[in-house]
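Trainee: I'm new to this one. Could you walk me through how to read it?

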Amino acid sequence: MNTTADLIEALRGVLGDPGLITDPGAMAGYVEEQRGLYRGNAPAVARPASTDEVARVVKLCADAGVGIVPLGGNTGLVGGGIADGQVVLSLERMNKILDVDPVNATMTVEAGAILADIQAAADAADAYFPLSLGAEGSCRIGGNLSTNAGGVHVVRYGAARDLVLGLEVVLADGRVWDGLTALRKNNTGYNLKALFLGAEGTLGVITRAVLRLFPKPRAKAVALAGCGSFDDALQLLHAAQRLAGDALMACEAMNGFSVELAEKHVAGAASPLEGRHECYVLLELGAADAKADLGALMEEVLTEAFEATAVEDAVIAQSGPQADGLWRLREAVPEAQKLEGGSIKHDVSVPVSKTPEFIRRASEAVQAMIPGVRVVAFGHLGDGNTHFNLTQPVDMDKQAFLERWHEVNARVHDVAAELGGSFSAEHGIGRLKTGEMARLKSAVELDLMRAVKNALDPLGIFNPGKVLPPRK
Ligand SMILES: Cc1cc2nc3c(=O)[nH]c(=O)nc-3n(C[C@H](O)[C@H](O)[C@H](O)COP(=O)(O)OP(=O)(O)OC[C@H]3O[C@@H](n4cnc5c(N)ncnc54)[C@H](O)[C@@H]3O)c2cc1C
């Protein structure tokens, strides 16, 4: 095979017309990211319908020396799924739920299954798959596992990495690794599965997965509390952890400005609390026992925090729609921020107990750099993961503000690192953060990662230019 045209003909031979797109217009949705930060290009989009077809596509591309970019729902937002001359390998046709085993509490799925469909299939089997994020209607499980997606329930169930028992992966030479085990105990050598989880498509193509299911939470309670500071919010979280234990399913926080923006810009987003607060905390409790009195448990948590003066005001939702309204307020924040002008964003994590210190120090640092910058800090307090976003000063030119992006990012990431934190808690590295990998990861860690990459993908055909920074 000498030319790209030869490769495309060979791919068409394997995939047929429905499995291959070469028209530039039809490829647009596969090579551009929704927020427009990355626009790529590809000779073709391969849409295999089976693991065997994926393996044959990989083999053909490897033999032709052409790279491959695996693609799920294209919601990653860090450029990880955006091709730069490589063949895009979309998993969208491999979207089936293959098996649900309620007693083993597992579900076997194809990598292109949409997260919301997986949640619905678990629900139909009277079980629960807890991964839940804003993009769940379009992101696909292969993408979720490849980015180790987090979302709102990590505090109780862990991230995507914790929700998978087995994987099937197509390797760089076209062989298939069948690690599709449904075992909870399996001490037979290295944990190969772990290599592919969070690898962002740089080590192999995940084609199938065995996921863990959990008892459906039949009782729920949701509350919103107003606190005087993030330190107080942390005290409330601690009360919830101690008193509610495993029933604590979500603990989200928003600074006062986040709530102000949500109320200003998003219809239906409103805080039901009296007055204004420095920090708002959304707590969700859940239990499999439908008779569990979680309202009473929530009240106990809030009362303890109130007596310790950690809570200024709080409301417990009295109905499903009221609970949805509280979640709406939290979910409205990113949308609202967009409408307030230019944003510089960070997705950092620190040890949970250091969240208030991180927010304080990072806020001081960015104020010193850009006086008048407005901090929109919100996120998953229960996991120490803050979306530390910044909105431009009211009277600053948007472009001038956005030009400070890298400089501000570096300062904020340094604050996180000083507190033992990470510069990417959820979305991964993709293309966007390879510079920060080079700057903030140790030489030893980068060497180990490169050794893994070289062992599994010696020709570098999977997702070149992503995750690992170029050698200096
Ligand atoms: C509104 C919104 C809210 C979000 N909220 C959250 C959140 O709360 N938590 C969170 O963690 N993320 C969140 N995200 C980010 C995003 O949804 C996740 O990163 C998600 O897991 C990506 O899945 P995807 O199918 O869209 O993957 P894609 O964007 O298609 O791909 C992501 C990466 O995985 C690789 N990949 C995809 N499929 C495979 C496969 N089968 N095998 C190997 N590699 C593969 C790609 O090459 C790429 O590097 C949000 C995004 C949006 C738009």
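Mentor: By class, the shell around it has twelve nonpolar, 19 polar and four charged residues. Ala, Val, Leu, Ile, Met, Phe, Trp, Tyr, Cys and Pro count as nonpolar, Asp, Glu, Lys and Arg as charged, and the others, Gly among them, as polar. Keep in mind that this is a predicted model: local features need pLDDT of at least 70, side-chain atom pairs count only at pLDDT 80 or more, and totals for chains, interfaces and linings use all residues. Residues are numbered from 1 along each chain as its sequence is written.

Trainee: Which residues are closest to the ligand?

Mentor: A residue is near a molecule if its C-beta atom, placed from the backbone, lies within 6 Å of it. Here 35 residues surround the ligand, and the closest are Gly72, Gly76, Gly80, Gly142 and Gly143.

Trainee: Which helix gives the most to the shell?

Mentor: Helices (H or I, at least four residues) and strands (E, at least two) are DSSP runs, numbered from the N terminus. Helix 5 gives the most, with four residues.

Trainee: Where does the ligand shell lie relative to the domains?

Mentor: Domain bounds come from an automatic or database domain assignment. Domain 1 (4-90) and domain 2 (97-215) both give residues to the shell, so it lies between them.

Trainee: And how far apart are the C-alpha centres of domain 2 and domain 4?

Mentor: They lie 32 Å apart. Still, four residues of domain 2 are in contact with four residues of domain 4; contact requires C-beta atoms, placed from the backbone, within 7 Å.

Methods:
Two residues are in contact if their C-beta atoms, placed from the backbone, lie within 7 Å.
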